[in-house]
Amino acid sequence: MTAQLLGSVMLLAVVHLAAMLSPGPTALIVLRHGAEPRMGPMAPLVSGIVGATATNVALMMAGVAAVIAASPALGLALALGGAAYLVWLGIRNLMVAVAKMRHRRAAGHAAAPASAPPQRRSPAALFRDGYLVNLLNPKIAIFYVSIFSQVATPDLPRAALAVFGGQLILQSALFWSCFAILARSGVIARAVDASNGWVDFVFGGALIGFATTLAWSAL
């Protein structure tokens, strides 16, 4: 049983890491907030993402995630809700881009024009962004159900399931913390600050693109 549990833990870790490394709206949100030079600490955003992971794990262990995965209506509702939230985030980025470009034009040909200072997001707003973007994606619930089905056998004790769930939460916390630190690196932040709004346009358009893909795949 110990060897089987260790093998399952390793399999779960590899598959989960591969899923987190794949491009998606969660990674884009971390990059967007992390690249903003005037952004405060990223801990609330990462906490929201990890909180959504914990919620998904709890729903999965309670059997709710399997119901969502098997219910087209619930999956569609989650997908459309998540898509709407991503569209709202995308529009907000586009508005920031427009404000920066207007500020740039107003500055004229000054020797060192400063980019427009964005409004600092509150910790609660950052937590909300991380939590909802990660939670309102039915593909994540389906993913957790699918990978758990590979390692969870009917004779597996509940303690082993708890180990798997804790592993997913811990791995999510470590990965997104490291990703946030990377996103806060000076190279990315300086590139965003020097773009005078164009990078914000790209982020906004990408978020809306993710929203369109999410909604289209659910229909």
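Buried denotes a relative accessible area under 20%, exposed over 50%, and partly exposed the range in between, computed with a 1.4 Å probe on protein chains only. By that criterion tryptophan 176 is buried, because its relative accessible area is 6%.

The model is predicted: local features need pLDDT of at least 70, side-chain atom pairs count only at pLDDT 80 or more, and totals for chains, interfaces and linings use all residues. Residues are numbered from 1 along each chain as its sequence is written, and side-chain values use heavy atoms, with hydrogens and water left out.

**Overall architecture**

The chain has 10 helices and zero strands. Helices (H or I, at least four residues) and strands (E, at least two) are DSSP runs, numbered from the N terminus. Read from the N terminus, the order of elements is α-α-α-α-α-α-α-α-α-α. The chain comprises 219 residues, of which 41% are buried. A contact requires heavy atoms within 4.5 Å. Of the contacts between residues at least 6 apart in sequence, 86% join residues at least 24 apart.

Helix α2 spans residues 25-35 and is mostly covered, with 10 of its 11 residues buried. Among the buried residues of α2 are Pro25, Leu28, Ile29, Arg32 and His33. Asparagine 137 belongs to the loop between α6 and α7 (138-151). With a relative accessible area of 12%, asparagine 137 is buried.

**Packing of α3 against α6**

The axes of helix α3 (residues 43-62) and helix α6 (residues 123-135) come within 7 Å and cross at roughly 35°. Axes are lines fitted to C-alpha atoms, for helices over the stretch in contact, and angles run from 0 to 180 degrees between N-to-C directions. The crossing of α3 past α6 is right-handed. A crossing is right-handed if the near helix is turned clockwise from the far one by less than a right angle, and left-handed if anticlockwise. On the α3 side the contact includes Pro44, Leu45, Ile49 and Asn56, and on the α6 side it includes Leu126, Phe127, Asp129 and Tyr131. The contact residues divide into nine nonpolar, eight polar and one charged. Here Ala, Val, Leu, Ile, Met, Phe, Trp, Tyr, Cys and Pro count as nonpolar, Asp, Glu, Lys and Arg as charged, and the others, Gly among them, as polar.

**The salt bridge**

The structure holds one salt bridge, defined as a side-chain nitrogen of Lys or Arg within 4 Å of a carboxyl oxygen of Asp or Glu. It joins the side chains of arginine 128 and aspartate 129, with an N to O distance of 3.8 Å. Aspartate 129 is buried at a relative accessible area of 0%, whereas arginine 128 is partly exposed at 32%.

A pair of aromatic rings is described by the distance of the centres and the angle of the planes. Rings of Phe, Tyr and Trp (its six-membered ring) pair if their centres lie within 6.5 Å; planes under 30 degrees apart count as stacked, over 60 as edge-to-face and the rest as tilted. By this rule there are four aromatic pairs. Two of them are listed below.

| Ring pair | Centre distance | Plane angle | Class |
|---|---|---|---|
| Phe175 and Trp176 | 4.8 Å | 90° | edge-to-face |
| Trp176 and Phe179 | 5.5 Å | 80° | edge-to-face |

These pairs link Phe175, Trp176 and Phe179 into a cluster. Phenylalanine 175 is buried, with a relative accessible area of 14%. Tryptophan 176 and phenylalanine 179 both lie in helix α8 (residues 158-183), three residues apart, about one turn of the helix. An α-helix has 3.6 residues a turn, so residues three or four places apart point the same way.

Glutamine 167 is also found in helix α8 and is buried at 13% relative accessible area. Leaving aside residues up to four places away in sequence, glutamine 167 touches Val9, Leu12 and Ala13. Valine 163 lies in helix α8 too and counts as partly exposed at 41%. The C-alpha atoms of valine 163 and valine 9 are separated by 8.5 Å across 154 residues of chain. Serine 8, in helix α1 (residues 2-21), is buried with a relative accessible area of 11%. Serine 8 and phenylalanine 164 stand 8.4 Å apart, C-alpha to C-alpha, and 156 residues apart in sequence.
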